[in-house]
Amino acid sequence: MTTSEAGGAALVNQEGRPAQSLGGTVAADDVKMRVSGLDFYYGPKQTLFGVNLQVLTNRITALIGPSGCGKSTFLRTLNRMYETVPHARAEGEILFDNEDLLAMDPVALRRRVGMVFQRPNPFPKSIFDNIAYGLRVNGSHGGAALKEKVEKSLRRAALWDEVKDQLHKSAYALSGGQQQRLCIARALAVDPEVLLLDEPCSALDPIATAKIEELLYSLQDQCTLIIVTHNMQQAARVADFTGFFLLGKLIEYNKTEIIFKTPAKKETEDYITGRFG
Amino acid sequence: MLWRNTRRKFVNYFMFSMTGLCALVTVGVLFFILGYLVWNGGSSLSWAFLTHLPTPVGERGGGMANAIVGSAKLLLLASAFGIPIGFLGGVYLAEFGGRAFPFVVRYTADLLNGVPSIVMGIFAYTIVVLPMKHFSTFAGGLALGVMMIPIAVRTTEEALRTVPLVLREGALALGASKWKTIATVVVPAARKGIVTGIILDIARVAGETAPLLFTAFSNRFWSPGWNQPTASLPVMVYTYAISPYDDWHKQAWAAGLVLLTLVLVANVAAKLFVSGRTAH
């Protein structure tokens, strides 16, 4: 594995796989998304300032920071979900597998980059139809293949055993934690390359949260995960890499261990130790 | 101080009593009308009333089968015409609207809603009856259909607006196009509100008399097809109620009762249908 170092700042973790720092670059094969100079505006108001960040393939990246720091906005640029807001626009460059993400067809992009939201948002349909939704939208016409895919997705989300006898009941009959795992299963059903999670546990109790975290951990071999979280312990527990956002800027981005043990910036340290935010 | 307290308590009690009294009057009026209809119309209601044609003056018995069928046909035609236009217009307002055009559409719909029903009748008379040179079910259905549009637009729009943004985003995030999201997630989620609004819309035009007077006119006999004048329940109520004959008055009450019952049955059936479907 070749690592081209820029400014001598790139890092190598214990397994010898290249990690990255603010100025670092790594082998192109390992980078799923490369964000450079990203600015974001809601109308005249700028909310992201020159964000540079590289997301590594099949790793878990966590984004932390106080409310309103832009981390959710950043996440929403990665599947162009911000476009549902009028007058919102992103400037800069995002390369997704070396394709220009901001110029792609958003519908095609979202089939490759899935998203799980803050509050569980199952559709008012049966459990089965929820999971099958993305597949049907992508042209599946039912039959044995669809059933198999639904089961596989529910298994991947560790929900199959709990719902296998009630696939045709309303998804609203499930508990909050189950609904959120259903939403993860629904996103996984279309085999996304990247899964974005916007504070997926903020509406859940600690037991449901632990289950989701376990699930995320088990998914990282198959999928690149980017998670926005308010919960620093959560970032520390699940993420390989962590980015700290403050007032629309990416203050620091590094291996999770380094961010939490020896942050380079004072703002990061202040936030981590609970001095603000 | 004591006096002020007493006064405050009195005002409080007085206002509470007034609101309660007015609420009671509202409910009372409805039950009074229902009771009066059943009291007066119930005795004339018979199997023959539902299955026979009207009899000439002076002859006992007879019914309003042609008016019941006529009203059903008029409402069917009005719904086939008014609901799709109103529904799709409402979808546009809720989902696609920019700023200026939706404002114009919304404002126009509200104005259209305020147009007196007799004016709607003249409109249909001018554009359908005059060129065709005769009254018809078609003209009556068109007049009622136009009246249905504004309510269908606004209730659809409002029902769609209650669907949470996160549901739309959930579908978009799975790679559904905007149209697909609306058709497969947003509209089904708003189904209850849309169906309820449209049933109320049908119920409202079911009782309209003025626009039918010079569009569908009336008919003492069956009206096959869509191209002839037809009897309808509201016009029958009107004609029979202003007649000088006692047994016609009773039949007018019975017709009113049938009209109200049909509307109530349709209402309850639609609500059961909707709540049954959402269980899944």
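Predicted model: local features only at pLDDT ≥ 70, side-chain atom pairs only at ≥ 80, totals over all residues.

Guide: The strands concerned are β6(A) and β7(A), the latter made of residues 194-198; they run parallel and are joined by four bridges.

Both strands belong to an open sheet of six strands in chain A, whose order is β6-β7-β8-β3-β9-β10 and whose pairing is mixed. At the edges of this sheet are β6 (113-116) and β10 (249-255) of chain A, each of which pairs on one side only. On average, and with direction ignored, neighbouring strands of the sheet are turned by 15 degrees against each other.

Chain A also has a pair of helices in contact. Helix α3 (residues 127-137) and helix α4 (residues 144-156) of chain A have axes that come within 10 Å and cross at roughly 110 degrees. An angle from 65 to 115 degrees counts as roughly perpendicular, and α3(A) and α4(A) are therefore roughly perpendicular to each other. On the α3(A) side the residues are A:Phe128, A:Ile131, A:Ala132 and A:Leu135, and they meet A:Leu146, A:Lys149, A:Val150, A:Ser153 and A:Leu154 in α4(A). Sorted by class, this contact of α3(A) with α4(A) has seven nonpolar residues, one polar and one charged.

The crossing of the two helices α4(B) and α6(B) is left-handed. From α4(B), the contact takes B:Ala109, B:Asp110, B:Leu112 and B:Asn113; from α6(B), it takes B:Ile149, B:Pro150, B:Ile151, B:Val153 and B:Arg154. By class, there are six nonpolar, one polar and two charged residues in the contact of α4(B) with α6(B).

Last comes the place where the chains meet. Here 17 residues of chain B are in contact with 23 residues of chain A. On the side of chain B that touches chain A, the elements giving two or more residues are α7 (165-173) and α8 (178-189) of chain B. The largest share of that side, six residues, comes from α7(B). By class, the side of chain B that touches chain A has 10 nonpolar, five polar and two charged residues.

Conventions
Residues numbered from 1 in each chain as written. Chains lettered and ligands numbered in written order. Left-handed = near helix turned anticlockwise from the far one by under 90°. Contact = placed C-beta atoms within 7 Å. Nonpolar A, V, L, I, M, F, W, Y, C, P; charged D, E, K, R; others polar. Pairing = 2+ DSSP bridges. Axes fitted to C-alpha atoms, helices over the stretch in contact; angles between N-to-C directions. Parallel < 35°, antiparallel > 145°, perpendicular 65-115°, else oblique.
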